[in-house]
Amino acid sequence: SLTGLLNHVNLKEALYNELLRAERTEAELCFAMIDIDHFKQVNDVHGHMTGDRVLKSLSRLLQDRLRRTDIIGRYGGEEFGVVLINTDAENTFTIMNNIRESFSQIRHISSEGDFYVTFSCGIACYPDINKASDLNAMADQALYKAKETGRNKIINASEL
């Protein structure tokens with residue numbers, strides 16, 4: 001309810017259904033997982049209300065920048081998932097990187113001072129990966145690698 005996006009269960013169900021559609025229509029599809037970098041520190045330093053505003057700002061940015069046909073959900077905590085329909089890995093990378101750069105330039109305001117936040121992202125694509133659970137797992141692994149290797153970046157599962 002905070003972000004107005006799909007919840008974890010509905011997001012996973014939508015990924016499964018869209019993958020079935022992509023198989024039937026021989027279309028491409030990518031799943032991107034996003035995690036806000038150092039979000040615990042945002043909450044600890046600036047408070048949970050400010051953290052909620054950061055979550056809302058990312059959800060609004062995703063809704064503004066992605067197509068209506070793309071599916072956006074809150075995966076949990078500070079994680080989001082995006083199903084990009086009829087989109088290949090190269091275009092998904094470009095789209096998500098533009099959003100990443102825009103998000104990093106949003107100035108957030110709190111009583112503790114202004115600050116900026118970044119996110120890391122992992123991408124996995126069909127038909128390279130052909131099961132919804134594997135798309136989810138590989139996007140998560142790519143996200144973990146992005147965080148492990150410095151944050152504020154995007155890693156495609158094909159690079160793992």
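Are Cys30 and Cys125 buried or exposed? In this predicted model, both Cys30 and Cys125 are buried, and these two cysteines form a disulfide in which the sulfur atoms lie 2.1 Å apart.

**Cysteines**

- The structure holds one disulfide, and a disulfide, in general, is a covalent bond between the sulfur atoms of two cysteines.
- Because Cys30 belongs to strand β1 and Cys125 to strand β4, the pair ties together parts of the chain that are 95 residues apart in sequence.
- The torsion about the S-S bond of Cys30 and Cys125 is about 105°, and the disulfide is therefore right-handed.

**Nonpolar cores**

- In soluble globular proteins, nonpolar side chains tend to be buried together.
- The largest nonpolar core here comprises 27 residues, and the residues with the most contacts inside this core are Ile34, Leu62 and Met96.
- At least two residues of this core come from each of β1 (29–36), α2, α3, β3 (79–85), α4 (89–104) and β4 (119–126), with α3 giving the most, namely five residues.
- Once its neighbours within four places in sequence are left aside, Ile34 is in contact with Leu58, Leu62, Glu78, Glu79, Phe80, Val82, Met96, Phe119, Ser120, Cys121 and Leu143, a list that includes Leu62 and Met96 as well as the cysteine Cys121.
- Another core, of 24 residues, lies apart from the largest one and has Tyr75, Leu135, Ala146 and Ile155 among its members.

**Helices α2 and α3**

- Helix α2 (residues 39–46) and helix α3 (residues 48–65) have axes that come within 7 Å of each other and cross at roughly 140°.
- The two helices, α2 and α3, are therefore oblique to each other, since an angle has to be over 145 degrees to count as roughly antiparallel.
- On the α2 side the contact is made by Phe39, Val42, Asn43 and His46, and on the α3 side by His48, Thr50, Gly51, Val54 and Leu55.
- Sorted by class, the residues in the contact of α2 with α3 are four nonpolar and five polar, with no charged residues.

Key. Residues numbered from 1 in each chain as written. Predicted model: local features only at pLDDT ≥ 70, side-chain atom pairs only at ≥ 80, totals over all residues. Heavy atoms only, no water. Axes fitted to C-alpha atoms, helices over the stretch in contact; angles between N-to-C directions. Helix = DSSP H or I, 4+ residues; strand = E, 2+ residues; numbered from the N terminus. Parallel < 35°, antiparallel > 145°, perpendicular 65-115°, else oblique. Contact = heavy atoms within 4.5 Å. Nonpolar A, V, L, I, M, F, W, Y, C, P; charged D, E, K, R; others polar. Core = buried A, V, L, I, M, F, W, Y, C linked by side-chain atoms within 4.5 Å. Buried < 20%, exposed > 50% of the residue type's maximum accessible area, 1.4 Å probe, protein only. Disulfide = S-S within 2.5 Å.
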